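Please consider the model shown below.

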Amino acid sequence: MGTDSVSINPDDAVFTRKLVASIEQRIMLEKALGQVKVNHDWDLSDPDEE
């Protein structure tokens, strides 16, 4: 989605890295399978539609 950095509490660094990696992996898998799910609560635009 174009995010280059996030600010977190150092105590949460390991958890956050694993969480971001799992979300990125899920997004790539869904795109590869053509099953991209839209969650309107996130309020994110699809970069492929721009």
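Patches are made of residues with over 30% relative accessible area and no salt bridge, in which like charges are joined within 9 Å and nonpolar side chains (Val, Leu, Ile, Met, Phe, Trp, Tyr) within 5 Å. This is a predicted model, in which local features need pLDDT of at least 70 and side-chain atom pairs count only at pLDDT 80 or more, while totals for chains, interfaces and linings use all residues. Residues are numbered from 1 along each chain as its sequence is written, and side-chain values use heavy atoms, with hydrogens and water left out.

**Fold and surface**
- The chain contains one helix and zero strands; helices (H or I, at least four residues) and strands (E, at least two) are DSSP runs, numbered from the N terminus.
- Of the 50 residues, 4% count as buried, where buried means under 20% relative accessible area, exposed over 50%, and partly exposed in between.

**Nonpolar patch**
- F15, L19, I23 and I27 form a nonpolar surface patch of about 370 Å².
- F15 belongs to helix α1, which spans residues 13-33, and F15 counts as exposed because its relative accessibility is 57%.

**Salt bridge**
- The structure has one salt bridge, a term for a side-chain nitrogen of Lys or Arg within 4 Å of a carboxyl oxygen of Asp or Glu.
- The side chains of R26 and E30 meet in a salt bridge at 3.4 Å, N to O.
- Both R26 and E30 lie in helix α1, four residues apart, about one turn of the helix.
- R26 counts as exposed at 54% relative accessibility, whereas E30 is buried, with a relative accessible area of 13%.

Notes: Areas by Shrake-Rupley, 256 points an atom, 1.4 Å probe, with all protein chains shown as cover. Buried < 20%, exposed > 50% of the residue type's maximum accessible area, 1.4 Å probe, protein only.
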